[in-house]
Structure formats: structure tokens, C-alpha cells
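Welcome! Let's take a friendly look at how charged side chains pair up in a protein model.

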Amino acid sequence: MAALPPHPAHDSLRSRWRATLVAALGSDDPGVEPDRYADSLLARWAEPQRRYHTTDHLAAVLDRIDELEGHAGDVAAVRLAAWFHDAVYLPDRSENEERSAHLAERALTELGVDERRTAEVARLVRLTVTHDPAPGDADGEVLCDADLAILAASPQAYAAYAAAVREEYAFVPEEAFRDGRAAVLRQLLALPALFRTPYGREHWEKPARHNLTVELELLAAS
């Protein structure tokens, strides 16, 4: 395996991976070397085609799950799903989530995670296609809210996110990207609620709608 590029979060993320795996297994002796799997995942998150879906995004989603963990039914499954949800990411492909779910199923089975929790992780990864958990799907609500929390960032951080998304889709001509992005923003703004957890609705809904509206206005003016 090629050496990972230096990143200040890697050591912390490896520790978080080990803690999550211990919780998922119910044992502090996983029987395999967990860092090998962490390093493989971190190498994926550091691939050169990524501009937004990077190690920083993984760390941010895990941080938001920490904020929302009291709402989850199986927070270990949610944290594992965060690790895998964009583990396969090619901006010009539509099957990223499905391939990421398959990767989770294979890796977690090798690690000894039980079949029920492995299936839950894979389901959660697939849910990030739509970010539309069913009513009462607490784990899905936590993962989707954590993944979308960037929408509620400060205006400066949101602008950096939007610019990074544009860089990931640099192969798309400007007019086509502008039209596609505007359609996504309008679809999001038409939702009755962007966030499903009580915390997300209280803290993130209003600033997220403001950021989306501003970006849509900027696209229309460009």
C-alpha cells in the first residue's frame, strides 16, 4: 500500500476508527489489525480527484455524528457508515454509493462485524443517495443530517464548499454545471425540512436555507 500523504487528522481518525470498531464488535480484541483497514479507507479519502469529498469531510461528518449521537439507535453503525459512505468516489460515476456499500459489506464481514450491523451500515451508505430517511429511521436521520450539515456552515465555509464541489466537477462545462447545480439547490429548498433530527432542525435548518438561497441567486446572476 502506498504511503498516505501527511494529514493532521490521520492519527486522530485511526483512533476513532479503532474505538468505533471496538464498539461495533463488542470486544476490545478485534482479532485482525484494524489500522490496516483504516489506512485503506483513509487512502481512498485522500484520492487526487477529490476536492470536497476528502479526509476533512470524513472528519466533519464524524464530528457532527458526535453532536447527534443521542438521537441514534445504533451509533456504532452510523459511525461506520460515515467511514464508508463516500469511500468509493468518482465524480463522473453514478454508482458510488452502491460500490461503497459493497465495500462496507466486504470489509466489515472480514473484520467480524455481525451480519445485522453490517447490513445496517450498508443500508445507511445507500441512503446517502437520496438523504431521505423514512419517518422513524433514527440512524438514517443522524447520518443524513451529519452529511448535509455543511449546508449550514458559515458563509465563508459554505462558499469554500461550493467552490470545492465545482472543482470536483471541473470536467463539466460551465453552463451545464450551473444548470445542474441550480436544479439541485431548488430541489433541496423545496423539501419541507432539510434536517430530520431535532438538533438539526433547531440549529442547522435556517442557516442552510440561507446559504442555499444565496448560492442559487449567485448562479442566476452569473
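A salt bridge here is a side-chain nitrogen of Lys or Arg within 4 Å of a carboxyl oxygen of Asp or Glu. Arg166 and Glu174 make such a pair, with N and O 3.1 Å apart. Please keep in mind that this is a predicted model. By the rule above, the count comes to 23 salt bridges.

**Arg79 and Glu69**
- Arg79 and Glu69 form a salt bridge whose closest N and O atoms are 3.2 Å apart.
- This pair links distant parts of the chain, ten residues apart: Arg79 sits in helix H4 (residues 75-84), while Glu69 sits in the loop between helix H3 (55-68) and H4.
- Arg79 has a relative accessible area of 17%, so it counts as buried, since the cut-off for buried is under 20%.
- Glu69 is partly exposed, at 37% relative accessibility.
- Both residues also belong to a network of salt bridges that links Arg16, Asp63, Asp66, Glu69 and Arg79.

**Glu98 and Arg126**
- The side chains of Glu98 and Arg126 meet in a salt bridge, with 2.9 Å from N to O.
- Glu98 belongs to helix H5 (residues 96-111) and Arg126 to helix H6 (residues 115-127), so their pairing ties together parts that are 28 residues apart in sequence.
- Glu98 is partly exposed, with a relative accessible area of 35%, and Arg126 is partly exposed as well, at 28%.

- Glu174 is partly exposed, as its relative accessible area is 44%.

How values were computed: Residues are numbered from 1 along each chain as its sequence is written. This is a predicted model: local features need pLDDT of at least 70, side-chain atom pairs count only at pLDDT 80 or more; totals for chains, interfaces and linings use all residues. Side-chain values use heavy atoms; hydrogens and water are left out. Helices (H or I, at least four residues) and strands (E, at least two) are DSSP runs, numbered from the N terminus. Buried means under 20% relative accessible area, exposed over 50%, partly exposed in between (1.4 Å probe, protein chains only).
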